[in-house]
Amino acid sequence: MYPKVKPALARAWRDLQTVQFGVTPAHAVVLGPVDTATGSLIDRIDGTRGMELLRAEARAAGLAEGRLDELVRRLAGAGLLDDLTAGGPRAQAVRRRPEVLERLGPDMGSLSLVHREPGGDLRGVAARRAIRVQVRGSGRVGAAVAAVLAGAGVGRVEVLDGGRVTAADVAPGGLGPASVGRLRAEAAAALVRESAPGRPPRTGDPEGPGPAPALVVVAPRDGLQAWAPDPAVAADWVGSGTPHLYAGVLEGTGLVGPLVLPGATACAGCMERDRVDRDPAWPRMLVQWRSAHRRRATAACDLGLSTAVAGLTAAHALAFLDGELPASTATRWEAALPGLHWEHSALRPHPDCPCAAAAPAVDAGAVRS
Ligand SMILES: [Zn+2]
């Protein structure tokens, strides 16, 4: 074991006996009481020394037997300890890829805050490399989402879209000016390759379907399809239980979410039924909006807003892929120009929707009795 105090959190002494790790409240941890001699040991737990050497240094500093081991236990218990040998074989495989580790250094620092066990950062990187994500749409939002996911270490990112890249699709972080005129799917695939840290992981059959997508990001160039998603388009994902996350920009409003967990949270069918319940004119309006959008040449999509939506969408997707439930779960976040306050609406499953998310969960106690 080569213990290492996680470098992601800045250390500061609150008083003579109390150390605070971290600045911001979400991840800061307070450790105390710690005497000065023990405190000076913390600096030596930096991953360059094994436990034996650290114990010898503790003895040389005049600390009682067992004090070092106790400190390491306390640090580990507080989620503050990393171990350069932890994480299992998949983490070790990542350790052998220095080009990946250098690129993902800040991302690993971030993972180390969420995955608090030693080696959690590398395990997180290894898990991302094994994941397949599909992004639907390669416009200002979709292409940037795909690039960020690939850049953050997601092993396989596929972008589905038709037609050819137009000048209006070009965005920093997304498709570049040189891709104008190319097939959208090809240009987006090239963007994903360029964004990835190192080569993609090997799969058994490079042409084969591979694992089912862990997530579909629905980021259509036409924001209406994210704002009022078509249940028919989502039917396959709902049927196969594939989580999907909507994102887009529509008429100066950016939206992130909902993340749909089929059978558990509201789907496109639930959202549509709910809107019809609340506004009988909704179906009639929707038909007209869809037809207007098909005719329209240019959408109102602010570049700053589309970039923010893409970044937030990618962050929510990564949080989900890393095993958490981000705030977009069953919730749509919206920010409208020019104030850009993020506001959220909770989306409830509809009792008439065939996705059955509204069905009462089976009560295990009732089944047993
Ligand atoms: Zn539903």
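Helices (H or I, at least four residues) and strands (E, at least two) are DSSP runs, numbered from the N terminus. On that basis the chain holds 15 helices and twelve strands. This is a predicted model, in which local features need pLDDT of at least 70, side-chain atom pairs count only at pLDDT 80 or more, and totals for chains, interfaces and linings use all residues. Residues are numbered from 1 along each chain as its sequence is written, and side-chain values use heavy atoms, with hydrogens and water left out.

**Whole chain**

- The C-alpha trace spans about 80 × 60 × 45 Å along its principal axes.
- Of the 369 residues in the chain, 46% are buried, where buried means under 20% relative accessible area, exposed over 50% and partly exposed in between (1.4 Å probe, protein chains only).
- Among contacts with a separation of 6 or more, 65% are between residues 24 or more positions apart; contact means heavy atoms within 4.5 Å.

**Zinc site**

- Cys 267, Cys 270, Cys 353 and Cys 355 are the protein donors of the zinc ion, each through SG, at 2.2 to 2.3 Å.
- Donors are N, O and S atoms within 2.8 Å of the metal (3.2 Å for Na, K and Ca); water is not among the atoms, so sites may look incomplete.
- The spacing of the donor residues in sequence is C-x2-C-x82-C-x1-C.
- The arrangement is tetrahedral because the four donor atoms subtend angles of 100 to 124 degrees around the zinc ion.
- Four donors count as tetrahedral if all angles lie between 85 and 135 degrees.
- Both Cys 353 and Cys 355 are buried.

**Seven-stranded sheet**

- An open sheet of seven strands has the order β7-β6-β8-β9-β10-β11-β12, with mixed pairing; two strands pair if DSSP finds at least two bridges between them.
- The edges are β7 (156-160) and β12, each with a single partner strand, so one side of each has no neighbour in the sheet.
- From one strand to the next, the twist averages 15 degrees.
- Helix α11 (residues 231-240) packs on this sheet and touches β6 (132-136), β8 (215-218) and β9 (244-250).
- The direction of α11 makes about 155 degrees with that of β9; axes are lines fitted to C-alpha atoms, for helices over the stretch in contact, and angles run from 0 to 180 degrees between N-to-C directions.
- β10 (residues 253-260) and β11 (residues 331-336) are antiparallel and joined by four bridges.
- Across that pair, Gly 254 has Ala 335 of β11 as its bridge partner, and Val 256 has Trp 333 of β11.
- β11 also runs antiparallel to β12 (residues 343-346), again over four bridges, with Thr 331 bridged to Ala 346 in β12.
- Six residues lie between the strands in the hairpin of β11 and β12, where Leu 340 takes a positive phi near 60 degrees.

**Helix α8**

- Helix α8 (residues 142-151) has eight of its ten residues buried, so the helix is largely enclosed by the rest of the structure.
- The buried residues of α8 are Gly 142, Ala 143, Ala 144, Val 145, Ala 146, Ala 147, Leu 149 and Ala 150.
- These residues pack against β6, β7, α9 (184-195), β8 and α14 (303-321).
- After α8 comes Gly 153, with a positive phi near 100 degrees.

**Helix pairs**

- Helix α12 (residues 268-278) packs with helix α13 (residues 282-295) at an angle of about 120 degrees, their axes 8 Å apart.
- That makes α12 oblique to α13; angles under 35 degrees count as roughly parallel, over 145 as roughly antiparallel, 65 to 115 as roughly perpendicular and the rest as oblique.
- Glu 272, Arg 275 and Val 276 of α12 make the contact with Trp 282, Pro 283, Leu 286 and Arg 290 of α13.
- The axes of helix α2 (residues 51-60) and helix α3 (residues 67-77) cross at roughly 120 degrees and come within 9 Å.
- Therefore α2 is oblique to α3.
- On the α2 side the contact is made by Met 51, Leu 54, Arg 55 and Ala 58, and on the α3 side by Leu 68, Asp 69 and Val 72.

**Ala 86**

- Ala 86 sits in the loop between β5 (81-83) and α4 (88-95).
- Its relative accessible area is 16%, so Ala 86 is buried.
- Not counting residues up to four places away in sequence, Ala 86 touches Ala 91, Arg 95, Pro 118 and Gly 119.
- Ala 86 and Leu 122 lie 36 residues apart in sequence and 8.5 Å apart in space, C-alpha to C-alpha.

Methods. Tetrahedral: all angles 85-135°; square planar, octahedral: opposite > 155°, others 65-115°.
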